[in-house]
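Here is my note on the salt bridges and on model confidence. Please read it beside the structure.

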Amino acid sequence: MMALTRTATLVVALGATCAHAADISYLAPPGVPAKEFPSPQRPVAQIVGPSRASEERRDARDEAGEIARLLELKPGMTVGDIGAGSGYHTVRLSRRVGSVIAQDVRRDYLIALAKRTQRLKLTNVIFALGEAHDPRLPASSLDAAILVHMYHEISQPYAFLYNLAPALKPGARVGIVDLELPTSEHGTPIELLRCELSAVGYREIARYQLAGDGGYLAVFSPPEPVGRKSPRDIIACEDRAGTR
């Protein structure tokens with residue numbers, strides 16, 4: 001019941017957010033500061049734009065549908081589109097699930113996306129501004145989170161993953177889509193991804209190869225709240241793939 005009330009409150013707040021897109025801000029108080037965590041021992045890719053490829057090309061291989069099926073996303077769920085950008089997945093998932101929280105560190109991207117959802121008359125999208133080390137999402141608000149072709153752009157991955165965990169409900173899943181390329185080339189080698197998430201306490205459940213050049217989808221469960229590592233006990237992973 002508390003979860004339903006929380007979701008309803010967020011959806012009610014959405015009306016004001018869409019009407020005043022410039023006021024898009026954080027949905028939750030700050031988490032643990034970045035200075036408490038190790039920095040990644042590998043390059044961090046620059047954010048180059050709100051979209052990876054044309055939506056027509058992505059639709060041709062049913063990218064959103066394939067990810068939704070593999071993650072078993074269902075009506076009634078609240079899904080976080082982390083690093084939502086132009087909203088490719090936000091728009092498509094909003095028609096499959098109960099609500100989508102579109103999160104990004106770029107306010108201008110979220111403002112443009114808010115206008116897009118207004119044009120499409122989508123009423124179940126919530127907007128959340130985040131920080132490089134903290135998604136700033138409400139506790140226990142997500143049934144699932146997706147990070148699509150953006151993990152390599154997170155400048156403070158250990159802090160970000162640590163601060164994301166409280167937003168995930170028990171049994172939630174995190175789906176990360178990326179390419180088997182060095183982070184300097186806008187990908188994340190799967191072994192590096194596994195190491196970084198494991199360092200924060202996430203557990204890998206499955207890995208899938210997506211259609212075409214879509215890369216891989218790695219699925220993780222969040223760390224258990226009890227007995228979680230202290231941020232200062234997290235050890236940064238070595239980037240064995242290098243920057244080739």
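The points below take confidence first, then the charged pairs.

1. Basis. This is a predicted model, with local features needing pLDDT of at least 70 and side-chain atom pairs counted only at pLDDT 80 or more, while totals for chains, interfaces and linings use all residues. Residues are numbered from 1 along each chain as its sequence is written, and side-chain values use heavy atoms, without hydrogens or water.

2. Confidence. Mean pLDDT (the predictor's confidence in each residue, from 0 to 100) is 89 for the protein chain, and 87% of the residues score at least 70. Residues 1-9 stay under 50, with seven contacts (heavy atoms within 4.5 Å) beyond four places in sequence. Residues 11-20 also stay under 50, with 13 such contacts.

3. R92 and E55. The model has 16 salt bridges (a side-chain nitrogen of Lys or Arg within 4 Å of a carboxyl oxygen of Asp or Glu). One joins R92 to E55, with closest N and O atoms 3.1 Å apart. R92 is in helix 4 (residues 88-93) and E55 in helix 2 (residues 55-60), so the pair ties parts 37 residues apart in sequence. Helices are DSSP runs of H or I, at least four residues; strands are E, at least two; both are numbered from the N terminus. R92 and E55 are both buried (under 20% relative accessible area; exposed is over 50%, partly exposed in between; 1.4 Å probe, protein chains only).

4. K169 and D143. Their salt bridge spans 3.3 Å, N to O. It links strand 5 (residues 168-178) to strand 4 (residues 142-148). K169 is buried at 16% relative accessibility; D143 is partly exposed at 22%.

5. R194 and E191. This salt bridge is 2.7 Å, N to O. Both residues lie in helix 7 (residues 190-200), three residues apart.
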